[in-house]
Amino acid sequence: MSDVIWGLATSHVPSIGAAMDRGMTDQPVWAPLFEGYQPARDWLAQNIPDVAILVYNDHANGVDPDIVPTFAIGAAERYRVADEGFGRRAVPDVVGDPDLSFHLLHNLVDEGFDLTIFQELDVDHGFTVPLSVWTPDPGDAWPCPVIPIMVNVIRYPQPTAARCYELGKALGRAIASYQGARTVGILGTGGMSHQLAGSRAGFINVDFDLMFLESIEKDPEKLASLSREELIRQAGSEGIELIMWLVMRGALSEQVANVHTAYHVPASNTAAGLALFDNRVAQTD
Amino acid sequence: MSDVIWGLATSHVPSIGAAMDRGMTDQPVWAPLFEGYQPARDWLAQNIPDVAILVYNDHANGVDPDIVPTFAIGAAERYRVADEGFGRRAVPDVVGDPDLSFHLLHNLVDEGFDLTIFQELDVDHGFTVPLSVWTPDPGDAWPCPVIPIMVNVIRYPQPTAARCYELGKALGRAIASYQGARTVGILGTGGMSHQLAGSRAGFINVDFDLMFLESIEKDPEKLASLSREELIRQAGSEGIELIMWLVMRGALSEQVANVHTAYHVPASNTAAGLALFDNRVAQTD
Amino acid sequence: MTSQSRVELPGTYVFDGPTSRRGHSMNKLFMSLIDEGLRTEFLADESAYCARFGLSEEQTTAVLQRDWQAMLDLGGSIFYVYKLAMLDGLSMQYLGGVFTGMSEDDFKAAMLAGGRTDV
Amino acid sequence: MTSQSRVELPGTYVFDGPTSRRGHSMNKLFMSLIDEGLRTEFLADESAYCARFGLSEEQTTAVLQRDWQAMLDLGGSIFYVYKLAMLDGLSMQYLGGVFTGMSEDDFKAAMLAGGRTDV
Ligand SMILES: [Fe+3]
Ligand SMILES: [Fe+3]
């Protein structure tokens, strides 16, 4: 029996990582964002799990453009930080947990999720920025081993929001049946509203984002019913990556306790959001 | 509306291709196998579809060992014949149909199948041998465009037989909703009983194979209920690839007409089987 | 074949099957730029590099002229196109300006003011 | 962690997660042999080639000595191992003989007689 102790939803905008790497977090354009993170960081530093699972997407750095898995899982001992074209971020490589990876794979395949396995994988900002949001100063190593779960959010047709939520639920069951870890943290990354290309570039939808931040805690089913088209319309062509939050949420219990929520516009071209949930809550029916 | 007009199940043993490529099909060890194929080949030559879908697995030739998709679909214009380590087979490259590939992908993802797309792919004997079984003398080109659907049958945990059958049914629905082709053929490949490694190498299970040949027509549900363990026990560690026949079968109607069945031991280390079904049969309830 | 058609939303690119097919060679070129050696080769002879990756004439022109809008129209994905922009030292906010007909500074200012909420 | 455990069936290899992890470098080496240039490099200096792919000492010995059984035990997948056999001009039926303690001819004869139906 392993327990998911917390779930963290966070944007993974590359410039958040760049601001940290360049010591710019005190500057006026960045300070409000990082101040918003602080309570979550403090709480997370007190609640380090044995292992974490991080749901993210690759941005054409770790995986060739001719291969696009709908869902994939890493099963490596170690994930190297990718060179995205300007050198590797000066953050630690990621230690994996292949034993748990194979356990999850086995259980998820048995439940009818058709995952692709990566036995080697470089992880890009979609992965390392959320780790930095969680742990700004990792030193030589991140707080615990981390397993990547990759979702296709770039190439239409993405998995539906409903399918992501179902994957999360199956993930929760698979974690619960694992004997090798006591405590597990799970991160869902991406979003919030943003659009990078086209004449609608720069699009931000605060109302939608606030609704999403509220519903991810209290009414994830409602978010799971959003169509691709609706997500692109409401959250922008890149905002659709919010479907990854639903994988995280699906792995948590029906009732969770909100530890901290933060929202800030902009991180570069994106609305940045963070929501942290404590999963150790007595469930009522 | 596109119609699946036939389904062909066939082994894909490399030596069947090699026997053809080297003009050995008249030799005593090979003649019975190829005589068994003839009625199916004659019928197929009279029933060329607009496009075909071929369910197969790669044998460490087209895809890196560090990436293992449970299910994948090709979306290329052209699939090159792979060099498996002894030069390319002297058979034509495969012309694809990306328009249909993307249609299938979209529909299957919407139905909750988490396929990986390959936009470039070399196809190995798992693909070209079934094409040769269908069409011994293709000349410059195979009879029609062909789309690969790839299944992980080599790496445990394979998708369950039930999941393969469900994928086939969803594939049938996706084909039916396509406007761009009139007629479609579908091939399920692999098997029958065989085991390549371990002290049980050379294992053949005739009773199981004959049951499978009968049930694939009349009671595919029964085959879909077989567990991985049962398949490996009964059909050998490589015989589990028979799950790919269920993808083909799922795409056909409940009632089909058997055109021809053939069974021969051995093709190299494998029990070779063939079953051809006409799908243009009035369905009764 | 309706199910393949892209989401029709004005001013929005959806990187769907047909688009990715059209842009495949160009996106592969962009992705190659994550490799330092290949970046050097690209910069040494950009048109030879485009030919090596099999870009169409239009795509080659778009790349050589840094016509960012044309790259998108010819099947580029923004995540791949961005790799060329980075090589040129340009930011996503610069590109945002190009796509919306603003200067980079105006685009940045619009984002700092809360983003473009009315589009 | 029971769900990860391999199917326990005597005389049968199941290429599961732990096995594929153990054999990863060796299987990558075998797969590289589909490339003619790399085949030549391998044959020119087999132990250097093993080192380049990060094989363990045991795996290197198994490869150098063509200890097919050991390759399987050390995480090789039969489909990958077979690429080395092909390079040596050996058939799957030769390997079948090795794994079952028969000569190649006896193994072939057993297959022609209908296969091994009693194992
Ligand atoms: Fe992203
Ligand atoms: Fe096979």
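## Helix 2 of chain B and its surroundings

In chain B, the buried residues of helix 2 pack against strand 1 (3–10), helix 1 (14–21), helix 4 (125–134), strand 11 (257–267) and strand 12 (270–278). Here, contact means heavy atoms within 4.5 Å. Helices (H or I, at least four residues) and strands (E, at least two) are DSSP runs, numbered from the N terminus. A residue is called buried under 20% relative accessible area, exposed over 50%, and partly exposed in between, with a 1.4 Å probe and protein chains only. The buried residues of this helix are B:Ala31, B:Leu33, B:Phe34, B:Gly36, B:Tyr37, B:Ala40, B:Arg41, B:Trp43 and B:Leu44.

Helix 2 of chain B comprises 15 residues (31–45) and reaches 20 Å from its first C-alpha to its last, close to the 21 Å expected at 1.5 Å a residue. The expected span is 1.5 Å times one less than the number of residues. The helix has a kink of about 35 degrees at B:Gln38, shortly before the proline B:Pro39. The bend at a residue is the angle between axes fitted to the seven residues ending there and the seven starting there.

## Basis of the description

The model is predicted, so local features need pLDDT of at least 70 and side-chain atom pairs count only at pLDDT 80 or more, while totals for chains, interfaces and linings use all residues. Residues are numbered from 1 along each chain as its sequence is written, chains are lettered from A and ligands numbered from 1 in the order in which they are written, and side-chain values use heavy atoms, with hydrogens and water left out.

## Strands and sheets of chain B

Strand 1 of chain B, one of the elements against which helix 2 packs, is mostly covered, with 7 of its 8 residues buried. Strand 1 runs parallel to strand 10 of chain B, and 7 bridges join the two. Two strands pair if DSSP finds at least two bridges between them. Within this pairing, B:Leu8 stands opposite B:Leu187 of strand 10. Strand 1 also pairs with strand 12 of chain B, in the antiparallel sense, over 5 bridges; there, B:Trp6 has B:Asp278 as its bridge partner. In a regular strand the side chains alternate between the two faces of the sheet.

An open sheet of 3 strands in chain B has the order 6-5-8 and mixed pairing. Strand 6 (94–95) and strand 8 (122–123) stand at the edges, each with a single partner strand, so one side of each is left without a neighbour in the sheet. Strand 5 (residues 78–81) pairs with strand 6 in the antiparallel sense over 2 bridges. B:Arg78 is placed opposite B:Val95 of strand 6.

## Backbone features

Two cis peptide bonds may be described in chain B. One joins B:Gly191 and B:Met192, with omega about -5 degrees; B:Met192 belongs to the loop between strand 10 (183–189) and helix 6 (206–218). Another runs from B:Val265 to B:Pro266, with omega near -5 degrees, and B:Pro266 is in strand 11 of chain B.

For A:Ala60, which is not a glycine, phi is near 65 degrees. This residue lies in the loop between strand 2 (51–56) and strand 3 (67–69) of chain A, and A:Ala60 counts as buried because its relative accessibility is 3%. B:Ala60, also not a glycine, has a positive phi of about 65 degrees. Its place is the loop between strand 2 (51–56) and strand 3 (67–69) of chain B, and its relative accessible area of 4% makes B:Ala60 buried.

The size of an interface is often given as the accessible area lost when the parts come together. Between chain A and chain D, the buried area is about 1,000 Å², of which carbon and sulfur atoms give 47%. Buried area is the accessible area (1.4 Å probe) that two parts lose on being put together, summed over both.

The rule finds 2 salt bridges across the interface of chain A and chain D, a salt bridge being a side-chain nitrogen of Lys or Arg within 4 Å of a carboxyl oxygen of Asp or Glu. One of them links A:Glu120 with D:Lys28, whose closest N and O atoms are 3.1 Å apart.

## Two individual residues

D:Ser20 lies in helix 1 (residues 17–22) of chain D and counts as buried at 1% relative accessibility. Not counting residues up to four places away in sequence, D:Ser20 touches A:Phe102, A:Gln119, B:Arg155 and D:Phe15.

B:Lys222 lies in helix 7 (residues 220–224) of chain B and is partly exposed, at 40% relative accessibility. B:Lys222 touches B:Met211 and B:Ser215, not counting residues up to four places away in sequence.
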